[in-house]
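Please read the following note with the sequence and the model side by side.

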Amino acid sequence: MSASQCAVIFTGVLREGVERRQGIRLLAEKFGLDFTRIKKLLSGGSRVIKNCREVTEAEKLVQALWAAGWHAEVRRSDNTTAGLSLSRSDSLALRLVADDGSCAVSVPDFWQVFDDLNHRAVLQAGSLENNEFMVVLPQRIEDFQSAPTVEEYCRAQLSQCATQLHRAAVSSPPEKLPLDGGTGFCGELLAEVDTVPVQYLVACIGCDDRIYTLFLWCEQGVFSARRRVFDQLIASFTGAVKDAPETNDKNSKNAAHDAFSQAALA
């Protein structure tokens, strides 16, 4: 396949939730583009980012542009699109079920499952390429001397995590989640990991005898673009997938206490 057979086309369309100024800054930072080149891309005068020999190479570049907040497409030499887009990758096609059957969640189909983000997690997955991750931690209601409401628990999680992260602050207090089943609240955190600004979405969902906490995080610059997918992921979460055996203590009791100290945050 010659280089002219496959080209990455910059559409000039921002992903939902990304501001124009932020998108331009990310283009400059992630691709080293100067003002003149960015102006040409935005004007539509020259929207070919790169000619590629392999479709897989082009798709990776499309993913990089998407992570910077912009839509792009792959076009063949016959001027037809190759049908590659990040909207496909946003599909929550991968269903993860905890080993004990206690809960399940749907994640993007390009994510991979991990076993080393947090040793207390019952579910953990993410994308190394996009620097976005999720861990799910359970807490049994019986572990509390005085059981908190889900809102109180979420507020305590946000506060505790903010004390464990570098230059961290709660940026959004708990808000009620529109769930079909169970009760849920979520809030947001800002912090730095190895000098990189990172944003976290912390969702707490009460299911029968447990409260589950879903920690989702990515680079702050793309968080607004990823928020829609994160919200869909949270909405897909279900507890009590089947009659589950007793959860091992390492996955339940005091699981909230080291949610971030054990996680590879970014």
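1. The largest nonpolar core of this predicted model comprises 43 residues, and those with the most contacts inside the core are Leu-123, Met-134, Leu-214, Leu-216 and Phe-237. A nonpolar core is a set of buried Ala, Val, Leu, Ile, Met, Phe, Trp, Tyr and Cys residues joined through side-chain atoms within 4.5 Å; buried means under 20% relative accessible area (1.4 Å probe, protein chains only). Helix 6 (residues 220-236) gives the most to this core, namely five residues. Helices (H or I, at least four residues) and strands (E, at least two) are DSSP runs, numbered from the N terminus.

2. Leaving aside neighbours within four places in sequence, Leu-214 is in contact (heavy atoms within 4.5 Å) with Val-135, Val-136, Leu-201, Val-202, Ala-203, Ile-205, Leu-233, Ile-234 and Phe-237.

3. Another core, of 24 residues, lies apart from the largest one; Phe-114, Phe-185, Ala-191 and Tyr-200 are among its residues.

4. Strand 4 (residues 94-97) and strand 5 (residues 103-107) run antiparallel and are joined by four bridges; two strands pair if DSSP finds at least two bridges between them. Leu-96 has Val-105 in strand 5 as its bridge partner. The two strands form a hairpin with five residues between them, and Gly-101 in the turn has a positive phi of about 75°.

5. The chain has six helices and 13 strands. Of its 266 residues, 47% count as buried.

6. On method, residues are numbered from 1 along each chain as its sequence is written, and side-chain values use heavy atoms, without hydrogens and water. Because the model is predicted, local features need pLDDT of at least 70 and side-chain atom pairs count only at pLDDT 80 or more, whereas totals for chains, interfaces and linings use all residues.

Notes:
Buried < 20%, exposed > 50% of the residue type's maximum accessible area, 1.4 Å probe, protein only.
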